[in-house]
Amino acid sequence: MRKLIAAMKMSADAKVEGPEGVADWVEAWSDNYNLMPQIDACLMGAGMFPGYEKYWTAIRSEPNKPVWITGKAPTPEELAWGRFAAETPHYVLSSTMTSALWPNTRFLRSLDEIAALKQQPGKDIYLVGGARTTASLIDAGLVDELRLKVYPLIGGPGKALFEATERRRGLELREVKQLEGGRLSLFYGIV
Ligand SMILES: NC(=O)c1ccc[n+]([C@@H]2O[C@H](COP(=O)([O-])OP(=O)(O)OC[C@H]3O[C@@H](n4cnc5c(N)ncnc54)[C@H](OP(=O)(O)O)[C@@H]3O)[C@@H](O)[C@H]2O)c1
């Protein structure tokens, strides 16, 4: 069965966005979780999808211009993700959305459809976020791995990754790396 791998960047107090609705401490939104070789689909919640479309559409259409959130021109790794993502099926969990600008996008209406997607043949699936979707899919037992980038920062006000979590889950530590800038990379299996 395909694995569903959640990967998010958070502060030391588990904030995934600040009060303005973005994690403005993140320097670039590239795939620094080593996911690209292993996945062939992306899944995300309706809450984050408009911002995701806006960010990656801007990078695809104007690759030399500073981007919203980081305020900098995209890095080579962001350009690589933009190319990869445009060719990769995207699934958005939503009961309300019906149309998307991003190519290759389909809407899923229930957790059963996610369970069915995992049963289809293919590589693993990247759960991009946001906070509520990740918490609820972990609660539902649909997420197999959690990859976190922890930034050396107490975020303060803002949305926390596990704010909506309702069930306790054990985690199995699979990999720890210290990255430049005091960041930590943590890979967990969800048991
Ligand atoms: N730091 C990071 O790495 C990172 C990564 C990604 C996103 N983010 C942040 O996350 C924020 C969005 O997170 P969010 O928690 O507000 O929204 P979200 O998880 O992206 O989306 C929540 C929406 O998904 C739909 N949904 C349908 N079934 C659901 C279910 N079972 N559980 C949860 N959602 C379901 C609902 O939309 P309908 O009403 O349409 O049904 C719900 O309002 C963004 O603003 C972004 O800044 C951060």
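Helices here are DSSP runs of H or I with at least four residues, strands are runs of E with at least two, and both are numbered from the N terminus. This is a predicted model, where local features need pLDDT of at least 70, side-chain atom pairs count only at pLDDT 80 or more, and totals for chains, interfaces and linings use all residues. Residues are numbered from 1 along each chain as its sequence is written, and side-chain values use heavy atoms, with hydrogens and water left out.

View 1. Start at the N terminus and you walk through β-β-α-α-β-β-α-β-α-β-β-β. The radius of gyration is 16 Å, close to the 16 Å from the globule rule for 191 residues, so the chain is as compact as a globular protein of that length. (That radius is taken over C-alpha atoms, and the rule is 2.2 Å times the number of residues to the power 0.38.) Along the principal axes, the C-alpha atoms fill a box of roughly 40 × 35 × 30 Å.

**View 2. The largest nonpolar core, built from 27 residues.** A nonpolar core is a set of buried Ala, Val, Leu, Ile, Met, Phe, Trp, Tyr and Cys residues joined through side-chain atoms within 4.5 Å; buried means under 20% relative accessible area, exposed over 50%, and partly exposed in between, with a 1.4 Å probe and protein chains only. Leu4, Leu43, Ile114, Leu137, Val143 and Leu148 have the most contacts inside this core. Elements that each supply at least two of its residues include β1 (4–11), α3 (111–119) and β8 (184–190). The largest share, 4 residues, comes from β1.

**View 3. Leucine 137 and its contacts.** Setting aside neighbours within four places in sequence, leucine 137 is in contact (heavy atoms within 4.5 Å) with Leu4, Leu43, Leu93, Leu111, Ile114, Leu127, Leu142 and Val143.

**View 4. A cis peptide bond between glycine 129 and glycine 130.** Omega for this bond is near -10°. Look for glycine 130 in the loop between β5 and α4.

**View 5. Asparagine 34 and asparagine 104, two loop residues.** Asparagine 34 has a positive phi of about 60° although it isn't a glycine, and you'll find asparagine 34 in the loop between β1 and β2. Asparagine 104 has a positive phi of about 60° too, again without being a glycine. Asparagine 104 sits in the loop between β3 and β4 (105–108), and its relative accessibility of 45% makes it partly exposed.
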